[in-house]
Amino acid sequence: MALANYACWLVRRFSAPSQRVLLMDWDLEAPGLQRYFADKAGLPENADRPGIINYFAELNKRLESEPELLNKLASDDGGQALHEALPLDEYLIRDVVPGADLIKAGRLDADYAQLVSAFNWIDFYSKYGNLFNVFRSWLELNYTFCLIDSRTGFNDISGVCTMLLPEKLVTVFTPNRQNVYGVLDLAERAVNYRRASADFRPLSIFPLPSRIDNAELELRKDWREEYQKAFETRLRNIYQLETCDLSDYFNKVQLPHVSYYAYGEEIALLKEKRSDDLSLSGAYEKFFQRLTDRETAWDTSEDAEAGEEKVPMVIPVTAPAAGVESGIYISYAHTDDMALMEDQNGWVSTFHQALSTRLAQLLGRDVEIWRMALIELSGNSALTSALTSKIDQAAVFIPIVSPRYLNSDWCANELKEFVDAKGQDGLTVGNLSRIFKVIKTPVEWQKQPPELLQMIGYQFYEIDSSTGRPREFAHNLGPGSEYKFWNKIDDLAFDIKQLIEKQQTGSQEATAASVPFEKPGVYLADVTSDLAEDRDNIKRELKHYGYKILPDRELPLEVASLEAAVREHLARCALSIHLVGSRYGIIPEGEKRSVVQIQADLATERVSVDPSFARLIWMPPEITPAGDLQERFVESLQNKIGAGAELLHGSLEEFKTRILEKLSRVQPAKLTTRSENVLTRVYFIYDSQDTDAVAPIEEYLFDQGYEIISSLGEGEGAQAAKYHRENLLNCDAVLIYYGNGNQLWLRSRLWDLQKVKGWGRTTPMSATAVYIDQPNNQEKTRFKTREAMVLNGLDRDPAIALQPFVAQIESPTT
Amino acid sequence: MPITPPVEKWLKDAGYEWHCFISYPRIKTKDGNDDLTHPISQCARGVKEAIIQGLSYSIPNPRVFLDLDDIPPGNAWEPTVRGALCKSLVMVAICAGIYYHPDHEWCGLEWAAMDNLSEKRFPGDKLLTIVPVMVKIEKPLPPTVERPQWVNISGLMTGRRRFRPTDRFNNIIYTQVVSHIEAVAQALRQNEVKTDCAHFSFPNKSAFSDWETAGQLPPFYEKPLEG
């Protein structure tokens, strides 16, 4: 009965002409499937139509009389050969319901019983076993769904029906032990057979409890517990599952006992015009939906009707770690955690779990990770106090950046809460940021929140070279994508581990600019997207060996800032690494060279001021430059590589080995710019009108570890002049702020820089610079000088504008 | 015991370029291309990635050879595979009936070659350098495949149409394959057994040349009809 109902449901749901259903009555000992479709099957032309047993008897006869037929059927085109040798048409009752055909058990005449008992299936299989595969393949070509009605029990026919033919096996049972354990044994044998067969198709078991009597509540509950547990245990064993929970499945799947259908051959799905949860047709529909849409009975749906979960929840995944300034907060948009397939976890959930596991492995203990599991986000809702306390408590904040994240007020509030809670000083531990930006989906750089702009981030996607489209890394998008996903998780976990350990030791180191590295810094140049994975590969290895990798923040896209930033980073490194592929890469605004080339040029420039600085350039073995620009760039690298550089074309592994060899010869001491006990004094000259405006600059430089000596305002006579002269004689660097002072004032200050030699200064200053700031005017726009570097702070954050100045101070030879 | 940095360095110096070599039957589509969607191909890749993941907890950049990924375009297949096999600590064989079949003779040659290496590297020792991962257990198995460290994932492979690297799968690979690779690494280091690829070649005979499959078992239950 279930089979007939399923056929009706399938043709209703899949109504396209190409999606046909075939019903086959293999219950040869008790045939009767045709009775459910008496309108068609009872017609005179169908009454004597042959069926399954006749087909196989005829096939057996033909194979015995035509031995060469077996070879034809064994060929790659065996299905077509079978169709030509013995067409099925004669056996089919077409459209028993529109879209579904039926093959009866056989021609139910006086010879039927004799034919069934005489046919030796075991003998047939031993001679022509592969023909079942040919027969099955032919059916698969012609039907979308093939439904087999098989008698349960241990006999030859049920072996064919349960072991050889199906991909899904529905085991119908009533709640009694003989039935439950009988179908379990049968299912186990069928699956074990498939595990040991050459057939790579799955065989998935779908239990179907039937004739459940709602009147007996206690019995129903007890039996439900028993059969659910029995199936869970058995399925877990035969499919080698970690867990198997069928609660949800059996909540939905059970056929009630409806006395009406115990009589005659009514199809509930056709009889009942409207179905509800208590009707037989309603119960069938729920089961059929699962059977059709899910691969296994234990699969769960992310779209379950769990309305009660529509409240904000904080999920602690692991036990809190003792004695740590608590855990990690993941901030994300709910859309980014929606599963693409119903039986899979969302991206953020998987990310969360993976990070948690990897961190526990790296640290040797669990770390608490929180995120807000919201079914529906309400952007303007205030953060709940529980949530706020978790954010405040977190040592690490991970924003999952995506287009939806940027549009979410909720996410913006979470970030703000974290930044406010930590304060500017508390956002870093030593030189490590507490915010770890994860970019799930590419977004426009400038649209990111200011707090995230300067961070490089962990890019969980790559650009497809053939389509130019981003492809996200995920655990369920194929092995390649999954591999990259895990690598990124590993990178992230490793860096978080470093921060957590640094926080635990309490070593509040000064910022990177003022701290000499234990090992040489390495400038690993930004690359085009096709080489991003190779760059990550190198970065991972160098980090593992304890090298500091720069740039450690996003490079600006505006050329002056970009150059300043690269120079600053290069000044802190002993070696630069450049990977050059077939693409030229992004060209910053107002520039003709790509970011890749600019970095290579600046590294060459670096060699001119520090001859010990080394450059390693790698190109894939067979490179085909895409476009003239790249061709010229590659040619220039090959022909004019310059001093201190090596160009390698071998494998990436060989290149990595060369990098490590090179680094092993670099003396870390060379990078130390000054003794730890000696302060670098920056004399900061500005007009008294700018006292307020210079505060952020002073603060930034002080944060970099410098002693700031501020100039005195105008009009303070001889004492001020003496103070000014002494500072110029004794300072290490000079910064002149060009704000409200006019050009005359500025030139006078620059002239002082020349005069200081006459006043008795014998050592050169490590850096001198003019910092141009608001109010803007034509003079400032056109201002140039060769006496000091010019820093453009007009529309820029001081931290960025000051980078060349800081780099110059840090450079030991300039 | 995880591979420590000194052991890892020693292995590299001793010529072991690969921690593991994956041997599996390459399935072709009707067009003659590799059928990358076949469960065997997917499983081979899944095993590779699980081993890399498992080893990466102790060493940077574990190296696992899979011919689909690791033969650069233009390189000859046979010498590359020969070199990789000889420079591997362990071979993982993705086993099903077709692995032993004469149509996939290369599987049998790889097996025989690795067995020869195993005897040279660990003479008289029971530590073997081949780990069969059973995707299907089509009995009877060739006698040489029935060894103590076989890994059975046939149940995992039967529930779904496409291979899925579940937690259970990863755990099986970590605990049974990765730990074996680590044990072999330690033993090689301890015995100071270096690679000797100049004298290494594939044998003439497949490890399964004397074995004949009994064919698919009949799909019939042993018990008589009940009820």
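## Chain B in outline

How many helices and strands make up the secondary structure of chain B? In this predicted model, the secondary structure of chain B comes to 7 helices and 5 strands. Read from the N terminus on, these elements follow one another in the order α-β-α-β-α-α-β-α-α-β-β-α.

Chain B has 227 residues, and 57% of them count as buried. Among the contacts in chain B between residues at least 6 apart in sequence, 73% join residues that are at least 24 apart.

The largest nonpolar core holds 101 residues, and the members that touch the most others are A:Leu23, A:Trp26, A:Phe56 and A:Trp121. One of these, A:Trp26, can be followed through its contacts: with neighbours within four places in sequence left aside, A:Trp26 is in contact with residues that include A:Ile52, A:Phe56, A:Trp121, A:Phe132, A:Phe135 and A:Leu165. A second, separate core has 48 residues, including B:Leu89, B:Val151, B:Ile173 and B:Val193.

## Helix α8 of chain A

A:Trp121 also belongs to helix α8 of chain A, which spans residues 121-128 and whose buried residues are A:Trp121, A:Phe124, A:Tyr125 and A:Tyr128. These residues lie on the same side of α8(A), because they cover an arc of only 100° around the axis.

At the N-terminal end, α8(A) is capped by A:Asn120, which has a side-chain oxygen 3.1 Å from the backbone nitrogen of A:Ile122.

Strand β19 of chain A, residues 575-579, is mostly covered, with 5 of its 5 residues buried.

Strand β17 (residues 521-524) of chain A runs parallel to β19(A) and is joined to it by 3 bridges; in β19(A), A:Ser576 is the bridge partner of A:Tyr523. Strand β20 (residues 614-618) of chain A also pairs with β19(A) in the parallel sense, here over 5 bridges, and A:Ile617 in β20(A) is the bridge partner of A:His578. Between β19(A) and β20(A) the chain passes through helix α24 (residues 595-609) of chain A, and this β-α-β crossover is right-handed.

Is A:Lys437 buried or exposed? A:Lys437 has a relative accessible area of 1%, and because buried means under 20%, A:Lys437 is buried. This lysine is found in the loop between β12 (432-433) and β13 (438-439) of chain A, and a polar atom of its side chain lies 2.9 Å from the backbone oxygen of A:Leu452. With neighbours within four places in sequence left aside, the residues in contact with A:Lys437 include A:Pro399, A:Val401, A:Gln448, A:Leu452, A:Tyr458 and A:Glu554.

A:Glu368, in the loop between α16 (347-363) and β9 (369-373) of chain A, is likewise buried, with a relative accessible area of 9%. The side chain of A:Glu368 is joined to that of A:Trp370 by a polar contact of 3.4 Å.

## Backbone details

A cis peptide bond, with omega about 0°, joins A:Leu550 and A:Pro551, and A:Pro551 lies in the loop between β18 (548-550) and α23 (559-571) of chain A. Another cis peptide bond, again with omega about 0°, joins A:Gln774 and A:Pro775, where A:Pro775 lies in the loop between β25 (767-772) and α30 (778-782) of chain A.

A positive phi of about 50° is found at A:Gln240, although this residue is not a glycine. A:Gln240 sits in the loop between α12 (217-238) and α13 (247-252) of chain A and, at 11% relative accessibility, counts as buried. B:Glu192, which is not a glycine either, also has a positive phi of about 50°. B:Glu192 is found in the segment after α7 (167-191) of chain B and is exposed, with a relative accessible area of 55%.

Notes:
Residues are numbered from 1 along each chain as its sequence is written. Chains are lettered from A and ligands numbered from 1 in the order in which they are written. This is a predicted model: local features need pLDDT of at least 70, side-chain atom pairs count only at pLDDT 80 or more; totals for chains, interfaces and linings use all residues. Side-chain values use heavy atoms; hydrogens and water are left out. Helices (H or I, at least four residues) and strands (E, at least two) are DSSP runs, numbered from the N terminus. Buried means under 20% relative accessible area, exposed over 50%, partly exposed in between (1.4 Å probe, protein chains only). A polar contact is a pair of N or O atoms within 3.5 Å; within protein, one must be able to donate a hydrogen and the other to accept it, and residues adjacent in sequence count only if both atoms are side-chain atoms. A nonpolar core is a set of buried Ala, Val, Leu, Ile, Met, Phe, Trp, Tyr and Cys residues joined through side-chain atoms within 4.5 Å. Contact means heavy atoms within 4.5 Å. The arc is that of the directions from the helix axis to the C-beta atoms. Two strands pair if DSSP finds at least two bridges between them. A crossover is right-handed if, with the strands pointing away from the viewer, the path from the first strand over the helix to the second runs clockwise.
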